[in-house]
Structures are given as C-alpha cells and as structure tokens.
Amino acid sequence: MGDTKAKSSGAVQTTGHAWDGDIQEFNNPLPNWWLWAFYATVVFALVYWVLYPAWPVGGTFTKGVMNDITFVDSDGKKVTTHWNTRALLLKDLQDGKEARLSREYMDKVAAAGYSEILGDAEMMAFTRSVAKGLFGDNCAPCHGSGGQGVIGLFPNLADDAWLWGGRIEDIQSTIGQGHLGFMPAFRDTFNDKQLDDLASYVLSLSGNKVDEAASARGKILFQTDAGGCYYCHTKAGTGLKSQGAANLTDQIWTIADVNGATDLETKKERVEKVISNGVQRQMPHWSDRLSATQIKLLTVYVHELGGGQ
Amino acid sequence: MSDAGTESLYQARIPIYPRSVKGRFRNLKWGILGLAYGVYFLLPWLRWERNVGPDQAVLFDIAARKFYLFGLVVHAQDLFWLAGLLMIAALLLFFVTGIAGRVFCGYFCFQTLWTDLYLLIERLVQGDRVTRIRLDKAPWTAGKMMRKGLTHLLWLLAAFWTGLTFTLYWDNAPQLIVDWFTGRAPFAAYATTLFLTATTYVMAGLAREQVCTYMCPYARFQSVMFDADTRIVAYDAARGEGSQGRHKVTRELKSQEQRHQQGVGDCIDCGYCVQVCPTGIDIRNGLQVQCISCALCIDACATIMQSLGWGKSLVRYTSEKQAAGEPSRIWKPKTVAYGLVLLAAASALGWSVGHQAPLEMSVVQMRQPLFVRLSDGRIQNNYELHLENKTDEPLRLAIMMRGLAGAELDVGRLASLELPPQRSLRVVARVRWQSHHDIKGSRSFFFDVIPQRRRDVGMVSAPATFYLPGREG
C-alpha cells in the first residue's frame with residue numbers, strides 16, 4: 001500500500017494505490033447516468049431475447065414468443081411464422097393498404113371489357129402504370145423499354161405497322177400464343193442480277209426512285225411463280241397479317257434499315273441481304289407465364305403505344 | 001471532476017419556483033393562452049361540409065397529398081404556399097421584434113404557453129412558491145409523494161392530450177381517436193403522439209427556462225434585431241434607486257417623502273419581481289439574454305406600488321433611448337422596410353391563394369422512343385398529359401392542340417373525358433405530323449384543355465415540343 005496523496009487543488013483523485021513506489025492511477029469513474037444507461041441496455045437485451053429471434057441453438061435459433069405473422073407463401077399456403085422482416089414485407093405486400101387498393105382495381109380491370117377500359121381515362125391510367133412494369137419485366141429485353149424495338153431483330157411496337165395485326169384481339173393473341181416469323185432465304189433461287197431487280201422493285205413500292213427497267217423485271221419475279229414473293233406479301237406488296245408478312249408499300253422497315261440509308265445503292269444492298277438470307281424470328285408465347293389479366297393489361301398497353309387499330 | 005483551478009463547463013440547474021402574480025399582463029397572457037388552446041385543442045373536432053373529401057375543417061392528408069383548410073384545399077402543387085407562409089412568419093418575427101422585442105417569446109411561444117399551464121397545475125396541486133420550496137426540502141413522506149406524483153400525472157396527461165391532438169390533425173379525428181385507443185391506429189399515430197407527449201413533458205415540466213436560455217435559436221437571433229428604440233421590459237433605476245440606492249421599508253424609511261428626503265429610491269427590495277420571473281433573473285440588473293419579455297415583473301411591481309400608493313410599476317415597457325430620456329421612434333427605415341416586405345409577401349400569398357387554378361395541366365414528353373416513323377411517313381411523338389381538377393365538381397374536358405399546322409392529335413377514345421372532382425388523371429396523347437424537309441430538330445406547340453359547359457373554369461394550355469428526326473431519311 002502506498003501513500004495516499006492529499007487532494008491538492010486541481011489534482012484528479014487517484015485510486016489510492018501506488019506501485020513501485022510512485023506509480024499511481026487516476027480514478028475517473030464513469031458518470032452515473034452512463035452507468036444507468038448501460039444497465040438499461042442490459043435489460044433491453046433480456047427483453048429482446050424473449051420477444052424476438054436471438055440465439056443460435058445448434059442448427060436453428062430461438063424464435064421469440066411473437067409467432068403472429070401470417071401470410072400466403074408462393075405455393076398459396078397460409079403460413080404463420082415468428083417475427084422476421086422478410087415475412088413482414090411479404091405480409092405487407094399482400095395485406096397492406098396499397099396492396100388491397102391495387103387488388104381491388106385489378107379486379108375491376110379484370111372484369112371490364114376492352115372497350116370499357118379504352119373509354120375510361122382512369123382505368124387506362126391504372127393499366128398503363130401496372131403494364132409498364134409488366135412490359136419492362138417481360139417484353140422490354142427484346143422490344144425496348146418504350147417498345148421501340150431493334151431494326152433487323154425485333155419489331156417496333158410504337159409505330160402503326162402491325163405485322164400480325166394491330167387490333168386489340170390480334171395483339172392479345174400475339175402475346176398469348178407467340179409467333180414464328182419466317183421468310184425463306186432466296187440466295188439459291190436468285191442470281192445477283194435478279195436480286196438487284198427485286199430489290200429495285202421492292203423499294204419502288206414505297207416511293208423510292210429506282211431504275212424503271214430493273215424495277216419492271218423485278219415486278220415480274222415478285223408477282224409470278226418465278227419468285228413467288230406474292231404468296232405472302234400479296235401482289236400489291238401490302239403483306240399478309242396471317243403470315244406476319246410485312247407491308248412493303250409503307251415507310252416502315254423492320255428488318256432492312258432502309259430509312260437509315262441515304263443513297264439508293266445502300267438501300268438496295270440492305271434489301272437484297274434480307275431477300276437472300278431470309279428472316280427467322282420468334283416471339284415466345286406468354287399464356288403460360290402471364291395471367292389472363294396480365295395479358296389483358298399488356299394488350300391495352302401495347303395497343304396504346306402506337307395508337308393501335 | 002470539479003477542479004478549483006478551472007471553472008466547470010457544466011452548470012447544475014438552479015431550481016426556480018416562480019410565484020404567482022395577478023395583473024394586467026397576466027390577464028392578457030391568460031387570454032392569449034385560452035385562445036391559443038381553444039384553437040389548438042378544438043380545431044380537429046370542427047366539422048366542415050364538403051362535396052368531396054373529408055368533413056373535417058382542418059385536415060392534413062399526407063397519403064392523398066391534400067391539405068384541407070376550411071374552404072381551401074391545398075394540393076401538392078400548391079405546396080410553395082408553405083414556403084410563403086414560413087417567409088411571412090419570419091418577416092413578421094423580424095418586424096415585431098424590431099419594434100416590440102421578444103413579444104413572441106413572452107406571449108405566444110408554445111414553450112411559454114405550456115410552461116404556464118404546467119406551472120398552473122403545479123400551483124394547484126402543491127401550492128404557491130413558498131409552499132413548493134418547503135415541500136421540496138421536506139423529507140419524502142406519503143403526502144409529498146402523493147402531491148409530487150399527482151403533479152407529474154397531470155403533467156403527463158396534459159402532455160398526452162397535446163400529443164394526441166397534434167396527431168388528430170393528420171387524419172379523421174373522431175375515427176382516429178377510437179382507433180388509437182383500440183390499438184388499430186397506424187404506427188405513425190402512436191409514434192407521433194408518444195414523441196410529443198415526451199417532448200411536452202420534458203420541455204414544459206422539466207427543462208422549462210433552459211429551453212429558452214440554452215436550446216432555442218429564436219431566442220438567440222431575436223436579440224440581434226434589437227436596437228435602442230426596441231420596446232424592452234426594464235427597471236426604472238432612476239426612480240427605484242434614487243441617489244442612495246434601494247432600501248427595504250423600515251421605521252425611518254416608511255413614506256415616500258421620508259425616502260426621497262434621504263435620497264432612497266422607491267424600490268423597497270421586496271424581491272417580488274424576481275420571485276415571479278419564470279427564467280429566474282433579476283430585471284433590476286438590466287436587459288439580460290434570459291429575459292423572454294413576459295412582463296410578469298411589471299405586474300408584480302405594479303401590485304406592490306399600488307398597495308403602497310406610490311404610483312406606477314417601477315418595471316415597465318420602455319426603450320433604451322426612452323429610458324435615457326431621449327425621444328424614441330417606432331417607424332424607422334428598418335421597421336418600415338420590414339413592414340413593406342411583410343405586406344408584399346402577405347399580399348402575394350393572399351393573391352396566390354385567391355387565384356388558385358381550378359384546373360391544371362402539365363405535359364411530359366415520352367422520351368423512349370422520342371419519335372416514331374409511321375407507315376405513311378409521318379412522325380409520331382407521344383406525350384403524357386397530367387390533368388388535375390381542383391374544383392368540387394366533375395369537369396368534362398376536351399383535349400386539343402394548336403401550333404402545328406396539319407398535325408393530328410390522337411388520344412384514343414378520350415378526346416372528351418370526365419375528370420372527377422379533386423382528382424388527377426394521366427392521359428397519353430399521340431401527335432402525328434408530316435415531317436417537312438425544311439424543318440429539322442424540334443418545334444414548339446401547345447396542348448389546350450377546354451372545360452365544357454363551364455364558364456367559371458377557363459381553358460388551360462401547356463407548351464410541348466415536337467421532335468423530328470435529325471436527318472431526313
């Protein structure tokens with residue numbers, strides 16, 4: 001035991017011990033409020049262990065006494081579980097006020113006919129807000145977030161050309177059943193000159209200025225069994241919706257990027273490439289993946305993108 | 001650590017036991033308190049007939065993004081009014097403080113109002129100043145525990161009702177209060193109520209004058225608005241102290257004449273002005289940061305002077321200049337400027353509220369894709385029109401456009417649509433236009449929305465831009 005130094009003014013109290021003669025330790029006790037706050041956290045922890053999931057026990061853990069979160073799991077079974085935020089989120093997504101309101105409106109839209117939806121501004125707004133998400137999740141990877149498509153690969157849904165029909169019922173069946181877009185490759189059928197003639201004729205259909213003689217030769221190939229193009233594209237070149245054959249007389253090109261070219265040679269080159277290589281496109285069917293109501297919402301959404309028919 | 005060498009940064013609170021006082025200013029303050037509490041506690045219960053929306057006179061509906069204020073419905077787009085209101089409040093504070101000092105602190109601040117209420121409860125349960133001091137010093141007995149416990153219980157009840165009332169402004173009050181007590185109210189309702197209960201109890205019951213002295217920023221920045229002409233609560237030292245200073249009433253210094261002959265002032269050093277002070281200062285030491293201008297010391301001294309028959313209160317409203325015998329002005333460039341700006345801001349807000357648009361439209365271009373080429377070679381741009389009906393009647397609207405010669409507008413089957421009262425809708429509009437060789441880039445035009453069969457609601461227009469491909473293909 002060392003000597004206890006008298007408390008001199010301005011000095012901090014020491015613990016009263018001295019080691020090796022002169023080594024002392026300051027005594028700076030924790031403030032009482034701090035100590036009590038610490039005790040309070042201990043009590044809090046004890047209460048928490050009882051109420052909430054807390055301790056790992058072997059391969060499992062203590063679940064807490066609150067076993068009161070009920071929700072419907074992905075298999076449609078009603079599950080009641082201990083407190084956890086994941087279940088809380090699922091429950092909120094199913095029973096929350098917004099979820100209820102959204103479900104009510106969804107039922108309303110599901111029960112309504114297409115013409116009823118198209119004539120009701122509020123239902124249209126609801127459809128757009130829900131279908132925008134559906135479109136983004138399911139359709140946008142190919143067709144683009146705004147339905148603008150990719151020239152040469154995926155059709156533009158925002159314009160007014162509809163390969164498979166732009167009426168509501170056409171769009172619904174397209175989404176539900178999918179489509180196989182096919183044009184044979186003609187590289188073995190036509191020689192280079194014939195390809196050039198055909199391309200000239202096809203471009204003339206939509207008002208491009210081409211060599212008249214070549215176009216006339218191409219027309220014969222197009223409209224007779226020599227080329228057979230008219231089987232699908234019709235003699236007038238306006239296309240056939242049942243085959244998904246494009247209308248060649250309008251200004252829209254979904255495979256050959258004609259609008260993106262400035263001179264005739266490039267345009268012809270791009271059309272010839274399509275004729276010689278053919279087209280093979282596939283849109284999957286969505287009836288297995290999406291519900292009837294979801295398809296309905298998407299139908300209205302896609303219909304509205306370009307103005308529909 | 002209490003070091004004799006250095007001064008401690010922490011000062012323990014010296015308990016203050018404000019004594020009750022009666023008088024002109026106390027009555028005025030009770031009046032303001034009654035009025036303020038009447039408005040605050042009763043307003044959520046006031047019903048209000050509306051064609052659409054809740055029947056509560058004042059309701060801040062966050063979920064629906066609408067604030068209902070009697071006949072006015074504030075929509076999300078009108079929220080800049082709140083900025084205007086805050087600006088007006090700030091200017092009013094500058095204006096009033098420049099002229100009359102801390103009027104807000106002394107008469108209107110909720111800290112002052114609730115502290116007054118808490119002091120009233122304390123006095124009714126424990127008695128006045130002297131009794132309270134004695135009770136605090138007395139050992140803990142059942143009686144003391146009962147009195148102290150009852151005080152805190154009543155405080156908590158007052159705090160709870162304050163918090164609950166605040167919560168009632170944010171939802172339908174009669175329904176919310178039932179939900180609250182049956183455990184069905186939203187979490188936010190419980191959190192808000194309990195938080196405000198806690199803050200009210202702590203601030204008005206325990207912290208009191210420390211809020212004004214240490215926490216409140218307004219208290220600090222109001223002092224920079226003071227000048228020599230500002231009305232302040234001040235002690236008339238010339239009259240109170242005389243040439244020989246103040247003195248208690250003694251046999252030799254009993255009448256005013258006796259005192260004046262000996263050069264002693266009118267202040268009999270009774271200490272009443274100090275005892276009534278809610279912030280525990282002695283006003284006779286001059287203007288101090290703690291003073292909230294509550295004027296209770298004026299009442300205290302007036303009571304004493306009146307009972308002695310020596311005239312007016314020694315503590316009074318004056319200004320530094322006036323106290324020094326100089327002329328004091330209220331209307332100076334500073335106050336006039338504040339007044340004008342205040343008037344301008346209030347008029348602007350009033351005009352804006354009075355001219356709330358009954359119908360609003362905003363247009364957002366759909367940019368993905370920005371434009372589309374159609375089969376006939378025309379270009380199509382899509383827009384989303386956001387229409388909002390702020391009236392209590394449904395509006396039948398016709399959507400039109402102008403400014404693009406020959407353009408076609410397509411809104412599907414919604415060219416004429418009905419917009420329900422107090423509702424907003426989004427409508428997609430497609431505009432098709434022949435692309436011209438001489439026009440590239442973009443062109444401005446307008447969407448018009450025309451209310452049908454309504455004279456009182458005018459046409460609303462919104463500008464939009466039509467984009468053309470940069471290169472003619």
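Is Arg65(B) buried or exposed? Hello everyone, let me start there. Arg65(B) is exposed, with 12 other C-beta atoms within 10 Å. The cut-offs are these: a residue is buried if 20 or more other C-beta atoms lie within 10 Å of its own, exposed if 12 or fewer, and partly exposed in between, with C-beta atoms placed from the backbone.

Before going on, a word on what we are looking at. This is a predicted model, where local features need pLDDT of at least 70 and side-chain atom pairs count only at pLDDT 80 or more, while totals for chains, interfaces and linings use all residues. Residues are numbered from 1 along each chain as its sequence is written, and chains are lettered from A and ligands numbered from 1 in the order in which they are written.

Back to Arg65(B). You will find Arg65(B) in the loop between strand 1 (58-61) and strand 2 (66-69) of chain B. Helices (H or I, at least four residues) and strands (E, at least two) are DSSP runs, numbered from the N terminus. The phi of Arg65(B) is near 55 degrees, a positive value in a residue other than glycine.

Chain B has another such arginine. Arg208(B), also not a glycine, has a positive phi of about 45 degrees. Arg208(B) sits in the loop between helix 8 (187-207) and helix 9 (209-215) of chain B. This arginine counts as buried, with 24 C-beta neighbours inside 10 Å.

While we are in the loops of chain B, please look at Pro369(B). A cis peptide bond joins Gln368(B) to Pro369(B), and omega there is about 5 degrees. Pro369(B) has its place in the loop between strand 6 (359-365) and strand 7 (372-373) of chain B.

Now let us zoom out to the whole of chain B. Chain B comes to 16 helices and 14 strands. Its radius of gyration is 33 Å, well over the 23 Å that the globule rule gives for 473 residues, so chain B is more spread out than a compact globule. That radius is taken over C-alpha atoms, and the globule rule is 2.2 Å times the number of residues to the power 0.38. Along the principal axes, the C-alpha trace of chain B spans about 115 × 60 × 55 Å. Of the 473 residues in chain B, 27% count as buried.

For a sense of distance, take Thr131(B) and Ser461(B): they are 330 residues apart in sequence, and 72 Å apart in space, C-alpha to C-alpha. Thr131(B) belongs to helix 5 (residues 129-137) of chain B, and Thr131(B) is partly exposed, with 13 other C-beta atoms within 10 Å.

On to chain A. Chain A holds 12 helices and 8 strands. Its radius of gyration is 37 Å, well over the 19 Å from the globule rule for 309 residues, so chain A is more spread out than a compact globule. The C-alpha atoms of chain A fill a box of roughly 125 × 55 × 40 Å, taken along the principal axes.

Two helix pairs in chain A deserve a look. At what angle do helix 8 and helix 9 of chain A pack? Helix 8 (residues 192-205) and helix 9 (residues 212-223) of chain A pack at about 95 degrees, with their axes 7 Å apart. Axes are lines fitted to C-alpha atoms, for helices over the stretch in contact, and angles run from 0 to 180 degrees between N-to-C directions. Helix 8 and helix 9 of chain A are therefore roughly perpendicular to each other. Angles under 35 degrees count as roughly parallel, over 145 as roughly antiparallel, 65 to 115 as roughly perpendicular and the rest as oblique.

The second pair is helix 7 (residues 168-177) and helix 12 (residues 292-306) of chain A, whose axes come within 9 Å and cross at roughly 125 degrees. Helix 7 and helix 12 of chain A are therefore oblique to each other.

Finally, how do the chains meet? The contact takes 26 residues from chain A and 24 residues from chain B. Two residues are in contact if their C-beta atoms, placed from the backbone, lie within 7 Å. On the side of chain A that touches chain B, the largest share, 4 residues, comes from helix 5 of chain A.
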